[in-house]
Amino acid sequence: MSNWRDNVRKVVPYVPGEQPNQPDMIKLNTNENPYPPAPGVKEALEKYPVDRLRLYPDPTASVLVNEIASYYGVKPSQTFVGVGSDDVLAMAFMTFFNSETPILFPDITYSFYDVWAEEFRIPYTRIPLDENFCIQPADYKVKNGGIIFPNPNAPTGAELSQESIEEILQANPDVVVIVDEAYVDFGAASALPLIEKYENLLVVQTYSKSRSMAGMRIGYCFGSEELISYLNDVKYSFNSYTMDQLTLVTGVAAIKDDAYFKETTGKIMETREWAKGEFTRLGFRFADSKANFVFVSHERVAAKEIFQKLREKHIYVRYFNKDRIDNYLRITIGTRAEMEVLFAALEEILQ
Ligand SMILES: *Cc1c(COP(=O)(O)O)cnc(C)c1O
């Protein structure tokens, strides 16, 4: 047998939640937003001069970078954008996690982190969450090559306090610390103000959940000017034109409509708080979630069984067949009407 296979970069890919396509389905499995993007997004697409697609997009994505920076009150030179936060995170792994010492992340967390670490040959150690599924800052005071965690964490939804984040930063001035804030807009506090104080902190966010634009692929991050310049160097050494022209104009339109953003995220938080009461009433336990999902376990019926029975009713939720969490379901917060259908189905399944 020929041996070219020996030199192939072999990886075990990340498995995203399924994207079924049934007219009557209720899709609560990938933390998408149930509301459409801001009305300005549709208008920007309709008005877009298609002739312009002949030209390459602006490699610096400056219209979008400037708009995001001004919205968050930081400098454009402290802001980086990418094709979803997955792209931003992959670039950050490649740029900042470049040591022989293992990087650290929680054992129960976003399941892409170990995939990137494997792909880029970055050694890593998983730090177990405590018995309440919380990050203990003291566990991150060991020698390491970098730290990453989501806040709120995924798939638990639990928020780590600002004091705890600072405790981790203070103990780790010699490595880059990445806070993945994919769900921060649903009621948690952002670590963004801390970038002025910690030059090694990178704060990553996305349009996919709170801005209803998972299909457009826009992620961004903030950090010191030095961190951002290193990220740009790596990005331009990989692919200069990551953000296409339609993405740039729709990204600008979405962030301009703050009233719509507040209204839709507000509705999701309101539905989530109501849903917590319903879950409790039906005998589910869960960590207090600050995200657009709740991570629930039933006192009597196995998660896998509930998952399958919901699926038969075309209600899709996420089940992870993994150590420590194989009796949990991650259920995205949909509209109030969708959640009412979910709870009616659960009542039937659990009786
Ligand atoms: C959804 C998610 C992302 C990636 O989102 P993009 O669609 O690539 O922006 C990153 N981190 C966490 C924790 C997520 O849940």
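## The second largest pocket

The second largest pocket holds about 280 Å³ of space (a pocket is an open set of points on a 1 Å grid over the protein atoms alone where a 1.4 Å probe fits, with protein on both sides within 12 Å along at least five of seven lines; lining residues have an atom within 4 Å of a point). Of its 14 lining residues, Pro 13, Tyr 14, Val 15, Ser 111 and Lys 322 are the closest to the centre. Helix H4 (113-119) and strand S12 (318-319) are the elements that give two or more residues to this lining, and H4 gives the most, with three.

This is a predicted model, in which local features need pLDDT of at least 70, side-chain atom pairs count only at pLDDT 80 or more, and totals for chains, interfaces and linings use all residues. Residues are numbered from 1 along each chain as its sequence is written, and side-chain values use heavy atoms, with hydrogens and water left out.

## The largest pocket

Now to the largest pocket, with a volume of about 580 Å³. Tyr 14, Thr 30, Asp 86, Tyr 110 and Lys 209 are the closest to its centre among 30 lining residues. H3 provides the largest share of this lining, four residues.

## Where H3 meets H6

H3 (residues 84-96) also pairs with helix H6 (residues 225-236): their axes come within 9 Å and cross at roughly 100 degrees. That makes H3 roughly perpendicular to H6 (angles of 65 to 115 degrees count as such). On the H3 side, Met 91, Ala 92, Met 94, Thr 95 and Phe 96 meet Leu 227, Tyr 230, Leu 231, Val 234 and Lys 235 of H6.

Notes. Axes fitted to C-alpha atoms, helices over the stretch in contact; angles between N-to-C directions. Parallel < 35°, antiparallel > 145°, perpendicular 65-115°, else oblique. Contact = heavy atoms within 4.5 Å. Points joined across faces, edges and corners; volume = space filled by probe spheres on them.
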